[in-house]
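Thank you all for coming; I would like to take a few minutes to walk through one model with you. Please have a look at the sequence and the structure before I start.

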Amino acid sequence: MFVRMDHVSIKERSAGVNQRGVRDHNERLILSILFRHRAVSAAEIARRTGLSRPTVSTILRRLEDDGFVQRGEPVKGKVGKPSIPIELGSEGALSVGMNLGRKSADLLLLDFAGNVRQQLRTTYDYPMPDAIFEFLKDGLETLLSGLTAKQQGRVCGIGIGRPFELWKWHDLTGPAAEEFQSWQDVDFATEVACFSDLPVFVVNDATAACQAEHMFGRGKDFRDYAYFFIGSFIGGGVAMNGTVFEGNRGNAGALGSMRTTGPLGESLQLIDTASLHLLEARLVEAGIGPEILWRKPQDWSGLERYVEAWIGTTAQELAKASLSICSVIDFEAIIIDGAFPVAVREELVERVRRYLANQDKRGLISPQIEAGVVGENARSIGAAGGPIFTQFLLDTNAGLAAF
C-alpha cells in the first residue's frame, strides 16, 4: 500500500531539510522535481534540493520499493562512472479522472507516470445528474475490475473536471430545465460516497487541462505561463512559481470570461468569439452534421473551408487576449491546446504568433506562444492528476489561496 502524504505548506521548492520526521516533505520535493524534469540523477537531485546525498539515496530507495520511481538506462560517454537517471515509476499510485463535457463525459484510469491505462466515454444531449453519476459508478467498477488487489489499493482518488456554473449553460425548458438546474445543489463528494470510499477532488475543467499540461506536457519548460484550452467553450488556467494556481475559489484563469468586442463594438466575452461552438454553428448552417467535430478518432478532413475561417478569427482573439493577460502578470509563455486535431492546433498557434507580432505591445514584453502537447484528453487527464498532485507533490502556491 502507498502512504498518503499530508498537505504541507512550503516557501521554497528548492529547500529540502534533513531532520527526522519530515519524510513527507522531502518525498514530495523529490517527486516534484522528477515530474518537472522527468529524468534526473541522484547527484542532481541532491544539488537541486539541498539534501545530503545519503538522505537522497535513502528516500529514493524507499520510493523505488513503493513503485514511485525507477532507474533508467545508464548514461555513458562522460568522464567517470556512468550516470543513472531516476525516472517516475508507473506503479506507485493510480488515479481516476472524469471530465464532464457539454456533449460527452470521459472517464479514465491514469498511472503515476501519466499513462492512460483505460478509458470510457458516454455521450448525451445534455448531462443530467442521475445519468452522469450512474456512468461514473458503472465506469469505476469497470476500471477497477481489471486491476489486481494490490493495484486497487494504490488508487488514490477520483478527480472530476466540470465547467464553472455548469447549471447555467443550457437552453432547456420545463421539467428538463429544472433537473438540469439541480446541478447547482450537487455535492460531488457526497454523491460519489454513495458508491465509493475514494477521496474526491473537484476542479474546473479548464484548470484540469492546465494541470495535465503542467504535469505531463510543456509545463516543465516554463515557470510562469497562461494556458488556453479550446473545447465547445474556451477556458484557461494559469501556472505560477512552477505550480498551477487555482485561486481562492478555484476559478483562477477564467480566461474565457475576458472581455472583448464584437464586429459592431458590442461587449462580448472571449467564450463568445473563440470557442468551437462557433465552428459547430457554421457547419450546421452549411448543412453539415456537427458531430464530425467530436468523433473519435478525430478527422476533420473535408472541413478545411470552415476550419480555416474559424482559425483566422480565433487566432486574432487569442493574440489580443494574450497581451491582456500579460499586462497583469508578466507570463513568459502562452500555451494553447484544445479538442481538435494536431494539425489544427499547430496552424492556430502559428497564426496567433503572426497576429501577435502586429499588436500594440507598448509597455509589455511579448510572451512566447507555444502549442500544448496533451491534446483533446487534457481535461480528463488533468482531473485524474488532481489526486496525484494533492497527495504526492508540492504546491508552491499553497499560501497564496489561504487569505
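I will go through a sheet, a helix, some backbone details and then the salt bridges.

A word first on what we are looking at: this is a predicted model, in which local features need pLDDT of at least 70, side-chain atom pairs count only at pLDDT 80 or more, and totals for chains, interfaces and linings use all residues. Residues are numbered from 1 along each chain as its sequence is written, and side-chain values use heavy atoms, with hydrogens and water left out.

Let me begin with the sheet. Helices and strands here are DSSP runs, numbered from the N terminus, with at least four residues (H or I) for a helix and at least two (E) for a strand, and two strands pair if DSSP finds at least two bridges between them. On that basis there is an open sheet of five strands in the order 6-5-4-7-8, with mixed pairing. Its edges are strand 6, residues 116–123, and strand 8, residues 200–204, each of which pairs on one side only. On average, neighbouring strands of this sheet are turned by 15° against each other, direction ignored, where the axes are lines fitted to C-alpha atoms, for helices over the stretch in contact, and angles run from 0 to 180 degrees between N-to-C directions.

Within the sheet, strand 4 (residues 94–100) and strand 7 (residues 155–162) pair in the parallel sense over five bridges, and the partner of V96 in strand 7 is I158. Helix 4, residues 129–145, lies across strand 4, strand 5 (104–111), strand 6 and strand 7, and runs at about 30° to strand 5.

Leaving aside residues up to four places away in sequence, S104 touches N99, R121, T122, T123 and Y124, a contact being heavy atoms within 4.5 Å. S104 and W294 are 190 residues apart in sequence, and their C-alpha atoms are 9.0 Å apart in space.

Next comes helix 8, residues 205–216. The expected span of a helix is 1.5 Å times one less than its number of residues, and for the twelve residues of helix 8 that should be 16 Å, which agrees with end C-alpha atoms that are 16 Å apart. Helix 8 is mostly covered, with twelve of its twelve residues buried; among them are D205, C210, E213, H214 and F216. At the N-terminal end, N204 caps helix 8, with a side-chain oxygen 2.9 Å from the backbone nitrogen of A206.

Now for some backbone details. R38 has a positive phi of about 70° although R38 is not a glycine, and this residue sits in the loop between helix 1 (23–37) and strand 1 (39–41). N241, also not a glycine, has a positive phi of about 55° and is found in the loop between strand 10 (234–240) and strand 11 (243–245). R38 is partly exposed at 28% relative accessible area, and N241 is partly exposed at 29%. The peptide bond from K296 to P297 is cis, with omega near -10°, and P297 lies in the loop between helix 9 (276–285) and helix 10 (304–326).

That brings me to the salt bridges, defined as a side-chain nitrogen of Lys or Arg within 4 Å of a carboxyl oxygen of Asp or Glu; by this rule the count comes to 19. K296 forms one with E376, where the closest N and O atoms are 2.0 Å apart. K296 lies in the loop between helix 9 and helix 10, and E376 in the loop between strand 15 (368–371) and helix 12 (378–392), so the pair ties together parts that are 80 residues apart in sequence. K296 is partly exposed at 41% relative accessible area, as is E376 at 27%.

An α-helix has 3.6 residues a turn, so residues three or four places apart point the same way. R362 and D360 form another salt bridge, at 2.7 Å from N to O. Finally, salt bridges that share partners join R218, D221, E350, R353 and E370 into one network.

Methods:
Buried < 20%, exposed > 50% of the residue type's maximum accessible area, 1.4 Å probe, protein only. Polar contact = N/O pair within 3.5 Å; in protein donor to acceptor, adjacent residues only side chain to side chain.
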